[in-house]
Amino acid sequence: MSLFDWFADRRKNAPVVRSSQGPEPDEGDGLWSKCPECDLVVYRKDLVANAHVCKGCGYHQRINSDERIRLIADEGSFEAHDADLSPTDPLAFKDRRSYADRLRDSQQSTGLRDAVVTGLCRLEGMPLALGVMDFRFMGGSMGSVVGEKLTRLIEEATARRCPVVIVCASGGARMQEGMLSLMQMAKISGALERHRQAELLYIPLLTHPTTGGVTASFAMLGDLILAEPKALIGFAGRRVIEQTLREKLPDNFQTAEYLQEHGFVDKIVPRTELRATLALLLRLHAPSRRGQPVAP
């Protein structure tokens, strides 16, 4: 029996745990949404109007790349770049399913070519190079196309002398591409170093989750590192770290709040305040005009 089959048998034979709270509220009509954190049921239009943030407990629901771009960019200003880049299967990788099949399914279900959308836009009239990772596409994993699109975006921003914002949401490097995915860490980091040498601003926004090779590279190389509340941010998993250190980790370990307390995150920004916060930071760090500082 293979390891995959063994896990499949364990899942099949696991007891089903049923809630004693009675049946769940009906959300099948699509008009209502229940918060997975506090169980508050709200009108879906109200949830969308509040940037998919629960008004009861502040829980930030995961949003896709299109919604994120609408949240940040001025209306109608986003111009996608390299949208035709599509991944290949250089290793002919296969586990329980082939990598080619997984790619095809993710592309059909999301309408994306890969796990990041990049382009130029404006934020309150200011130019911005924006990259948004989408967790729906194979867990936002970083493969060759993700690395290439982000590198091209940063190089374009350096040439145009405009700031870069990358919204991170990823499980890490894409194992189906092996070493080719790990190479993207150095490639993106090199582009960011050239951007820094040009004295230009780079801001990563860490959302839930940001882990693995993304955390180990461009997610932590920002001039200012922002994060959403309670986002999971880390490299290795909690259980692996506990087994390695042989000690119990704090309950809030690898949360945005824990990382801010320990100096890894500069500011935690609720999603409803993100656009205003980014606009303020862009104005504060904009190059002066005719020797006069740009007003905040």
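1. Helix α3 (residues 65-72) and helix α10 (residues 274-284) have axes that come within 8 Å and cross at roughly 55°. The two helices are therefore oblique to each other. Angles under 35 degrees count as roughly parallel, over 145 as roughly antiparallel, 65 to 115 as roughly perpendicular, and the rest as oblique. Axes here are lines fitted to C-alpha atoms, for helices over the stretch in contact, with angles from 0 to 180 degrees between N-to-C directions. Helices (H or I, at least four residues) and strands (E, at least two) are DSSP runs, numbered from the N terminus.

2. On the α3 side, R68, L71 and I72 meet L274, R275 and L278 of α10. The residues of this contact divide into 4 nonpolar, no polar and 2 charged. Contact means heavy atoms within 4.5 Å. For the classes, Ala, Val, Leu, Ile, Met, Phe, Trp, Tyr, Cys and Pro are nonpolar, Asp, Glu, Lys and Arg are charged, and the others, Gly among them, are polar.

3. A word on provenance. This is a predicted model, in which local features need pLDDT of at least 70 and side-chain atom pairs count only at pLDDT 80 or more, while totals for chains, interfaces and linings use all residues. Residues are numbered from 1 along each chain as its sequence is written, and side-chain values use heavy atoms, with hydrogens and water left out.

4. The sheet is open and has 7 strands in the order β3-β4-β5-β6-β7-β8-β9, with mixed pairing. β3 (79-81) and β9 (267-268) stand at the edges with a single partner strand each, so one side of each has no neighbour in the sheet. Two strands pair if DSSP finds at least two bridges between them. Strands of a sheet pair through backbone hydrogen bonds, either parallel or antiparallel.

5. Two of the pairings can be given in detail. β3 pairs with β4 (residues 116-123) in the antiparallel sense over 3 bridges, and E79 stands opposite L120 in β4. β6 and β7 pair in the parallel sense over 6 bridges; there, S170 has T210 in β7 as its bridge partner.

6. Helix α3 also lies across β4, β5 (126-133), β6 (164-170) and β7 (202-210), running at about 160° to β5. Of the 9 residues of β7, 8 are buried, so that strand is mostly covered. Buried means under 20% relative accessible area, exposed over 50%, and partly exposed in between (1.4 Å probe, protein chains only).

7. Leaving aside residues up to four places away in sequence, A169 touches M133, F135, G139, G140, T207, P209 and T210. A169 and V132 are 37 residues apart in sequence, with their C-alpha atoms 8.2 Å apart in space.

8. The whole structure holds 17 salt bridges. Each is a side-chain nitrogen of Lys or Arg within 4 Å of a carboxyl oxygen of Asp or Glu. One of them joins D105 and R97, with the closest N and O atoms 2.3 Å apart. D105 is partly exposed at 31% relative accessible area, and R97 is partly exposed at 32%.

9. K187 and E148 form another salt bridge (2.8 Å, N to O). K187 lies in helix α6 (residues 179-197) and E148 in helix α5 (residues 144-160), so the pair ties together parts that are 39 residues apart in sequence. K187 is partly exposed at 30% relative accessibility, as is E148 at 25%. Both belong to a network of salt bridges that links D82, E148, R152 and K187.

10. Within helix α6, R196 and E193 are 3 residues apart, which separates them by about one helical turn. Their side chains meet in a salt bridge (2.6 Å, N to O). R196 counts as partly exposed at 45% relative accessibility; E193 is partly exposed too, with 31%.

11. Totals close the note. The protein has 10 helices and 9 strands. Of its 296 residues, 42% count as buried. Among contacts between residues at least 6 apart in sequence, 65% join residues at least 24 apart.
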